[in-house]
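Here are my notes on this one, for you to read alongside the coordinates. Have a look at the model first.

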Amino acid sequence: MRTLRRFLMRLKASLTGRRDDERLREELDDHLARETEENLRAGMPDAKARRQAVLTVGRATALADAYRDEQGLPSLDHLFQDLRIALRRLTQAPGFTAAAVATLALGLGLNSAVLSLAYALFLKPLPVDEASRLVIVGRVFTGEARRGFPISFPEYAYYRDHARTFSDLAAHYSTSPMNIITPAGPMNGMGAVVTANYFRLLRLQPAMGRFFLPEEDAVPDRHPVVVLNYDVWRTRFDADAAILGKAVRINGTAFTVVGVAPEGFNGVYVGFQPNDVWIPSAMFSVGYRYCNGLARGCNTIDILGRLADGASVQDAQAEMNVLTGQLVAIVPTGESRTWSAELRPARGIRFMEQQRDAPIVRLLAGAAALVLIIAAANVAGLMLARGLRRRKEIAVRLALGASRGRVIRLLLVESVVLAVVGGAAGFVVSIWATNVLHGYFGQVGSPNTLVLSLGPRVVLAGFAIAVLTGIVTGVSPALQSTRADTVAAIKEEAAGAGTRRSRLREGLLVVQVALSVVLLGGSGLLVRSFFQLHRGPGFDPDAIAIVRLRPSLVAYTNARAWAFQHEAIARLEALPGIAAASPAVVAPLPGWGRPAMAVRVDGDTGDPSSAFQASTTYVGARYFKTLGAGLVAGREFDDRDTERGPLVALVNETVARRLWPAGTAIGSHVTIGPRRYEVVGVVRDLQWLSAVESPEPIAYLNYWQQDRTNAWSQDSRTHIRVSRGGAAAMLPEILRTLGAIDPDVPVSDVQVLGTQLDTQFSAVRAAKTMFLVFGGLALVLSGIGLYAALAFLIGQRTREIGVRIALGASRADVGGLVFRRGTMIFGSGVAAGLAACVVAGPLLAHLLYGVSPRDPLALLAGPMVLGVVAALAIWLPARRAMRLDPVAGLRSE
Amino acid sequence: MKKKTDVRQGTLALMVLKTLDVLGPQHGYGLARRIEQISGDRLTLNTGTLYPLLLRLEQEGAIASERGPSENNRSARFYRLTAVGRRQLQSETRDWERTTELIRRFFAAKADDLS
């Protein structure tokens, strides 16, 4: 306590620089006067009394020093002194300072950008009260890598009724497509179906009206009430002050507005399309039609919980484990796989996207760290060179009695100052890099609500990294520089003294070159896979528009829905500029649901469970004409193939080769799932991704002949081929045409296929861009480092080279000396880097398409470019050595 | 002339506190003289030790100071004991007595006491 108080007072004195020197002088004067008086009283003569007094009191300056040390904090004062010296020295060498600051700014800036990305994606708490107590609960299947699957309502209800470690447990389905009829026209919105306690759990207060009452969430389909998003209320309802109690049609059902959510609240999925409306879970049937959202086995909901006071995440997890055990035993969920419920703090964006983005962010962080290491190595090299030039100054400081520790601290302070200034400058770099990242990680095609900002935490972390970098960068140059032999240094007998130092420099350079090779290799691989990807589909994705039509959302009968779908195709194909249109259930993109089914040729009597499996999907007439992908044999679906006509199927080449090696596919009959089809055509294998991957066996069934018990058989992703120009220009015309048929049917996801393809691979594109930037930086930095090191080597050995030339060494010998040094460093760096690539390459594997992680072309391209830069960096100093005038060399001291 | 000793480390603070406790507020010079007097002139106080010590004690809150008129109408800085200082003095006095008692016992110990 006492020490603390004293420390604080001294700290204050140190920081404010306010000293009571005045007070000390007073005290001394007083003391001296009294001492003199005493002496006079003892009978001394005037002058002697005074002199005697001064002798007793002691030397005033020494006293002042002791006093000052008591007042402030000496170590802190020394630090300020060091800071002043460091700043002075750095401003005296503007070239060095600028180079070092710029280098560090690049390295640190990229790191800050990746940090802010990682923070926003994985760590940022929800913008609600006490968000640190919020958790999400997801289903985890044993043995499955992906986690956080949705749960069914009855399972949620069991947890809600039995869990004691939560103060509240809410269920929500926050990605419900909702067609909202507003005064400003129909709106293709995204809504959330939530339990009544959702808003209470989030501790929100309505901007107007109220949230849901428990009784409104008790009986299915009885209380159609809705809470509006603040922005939706403001922009689409013109901030209607009398909105409460009015009716709003959502997905064909009339809802009564009971409240408006607080401004800025967009739901619990951060970075996602905002929730435009919220409806109670009892109205689940409006928000979700594919199965009964309140029934067992209909896994659509996510659980959000607020931990009870005193309960930890571990406590709650333990309780959930127990409850899940009971649940599985008591309530048959129809889930055959073993599963458990997993809790995690509610942070960052939706967990599903977190899992998707985590590997790539890790990779970016790794690459950014590599750039930082390269930058730091470069600056350390610069500082070593500078340390050598400052040998004399340092030696004088040591000779004058500065301790080695003090000198090391001075040098360290210098490098930390450099790094901190670099870090500050780096924020400019990070603003740019953050913008680039934002473009890729936000949702494309819908309002991008992901906020990447350099918040205080990110700035703080960036600052910590900067200081750490400063210390790491400075420590070995500082140790090296102060180890010099004082006397030799003052005498400037420099020759030979720097061996150990230049070895350290060269070691740094080898590391730098190796890391550059790694980054360039990574960039090479990603660029190669990007090109593979773009040549992928085997048709022109930019000529195709896809719109999602969902009559099922407005509860149409099958007849009405299909009439709409037919009318849509007819009107679209009648538009000038459109070559063909065809309905399908999924877009021709990799990873979209095409359930696998057994395909059995007539007469196949083998075991059904080991039958040949193919992916299945439904497409309409002229689908392949629409895609622009070729037909190999037979015909594709046309208007003959109606709902009630004979069941028909198309197969791709892979299926045809497998089942009818003799080429007799057309006219054959196959059983796919429960039904029997006639094969009418064989189509080319579509290459979803790359030229190298082995094609997927696919059977195409007729869109109009789908099993009609599924609600989603009413919906389509209608493909439209535009004959001239890009499809993007036709989108407004297409929307107008569809709107004219029936304005109530939700039309969404209106996109050009090419854009969708880009979106799906935005992570790969982000990685490609960032790696190209990182690799380019690494290239430039390594080149500069190599050049600086060799130029420095010549400078250091000027005298030696002069002697050699004077003694008859040829210019070529001298040039060779420098050249050999340079190539040796470069060669070892490249070898180490390539070895690292081969070892670490598989880390990139999941981002690569059609390229082996050890692809020699991609891996060797980087070192080759680096080689050109290195050749220049070696040639310039070697030329200088060859042109050295021996006399000038000898006099160079 | 008597042999003068330096003040043992850490004991000066105790002497200052005790002197202020017994004699009430004092200025720096007076404090130095009193301490030397009480020691029977066996101690000389170095001003370079005394004033930094006074500052430290003030920072710790054991003493407080203010300017005021002194006996011969000159202004001087007077130091006085605070409540914190009084508690500190009591506890340090106890510690010190315990230590001296212990040391005394050791010095008084003879071989036959232990046999």
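The points below take the cores of chain A, then a helix pair, then chain B.

1. Housekeeping first: this is a predicted model, where local features need pLDDT of at least 70, side-chain atom pairs count only at pLDDT 80 or more, and totals for chains, interfaces and linings use all residues. Residues are numbered from 1 along each chain as written, chains are lettered from A in the order written, and side-chain values use heavy atoms, without hydrogens or water.

2. The largest nonpolar core has 48 residues, and A:Tyr159, A:Phe166 and A:Ile250 touch the most other members. A core here joins buried Ala, Val, Leu, Ile, Met, Phe, Trp, Tyr and Cys through side-chain atoms within 4.5 Å, with buried meaning under 20% relative accessible area (1.4 Å probe, protein chains only). Strand S2 (residues 166–182) of chain A gives this core its largest share, six residues; strands are DSSP E runs of at least two residues, helices H or I runs of at least four.

3. Beyond four places in sequence, the contacts of A:Phe166 (heavy atoms within 4.5 Å) include A:Val135, A:Arg306, A:Met320 and A:Leu343. A separate core of 41 residues includes A:Leu117 and A:Val436.

4. In chain A, H6 (residues 94–123) and H15 (residues 456–482) are worth a look: their axes come within 9 Å. Among the residues that meet are A:Leu108 and A:Tyr119 from H6(A), and A:Ala461 and A:Ile465 from H15(A).

5. Chain B has five helices and three strands, running α-β-α-α-β-β-α-α from the N terminus. Of its 115 residues, 41% count as buried.

Key. Buried means under 20% relative accessible area, exposed over 50%, partly exposed in between (1.4 Å probe, protein chains only). Axes are lines fitted to C-alpha atoms, for helices over the stretch in contact, and angles run from 0 to 180 degrees between N-to-C directions.
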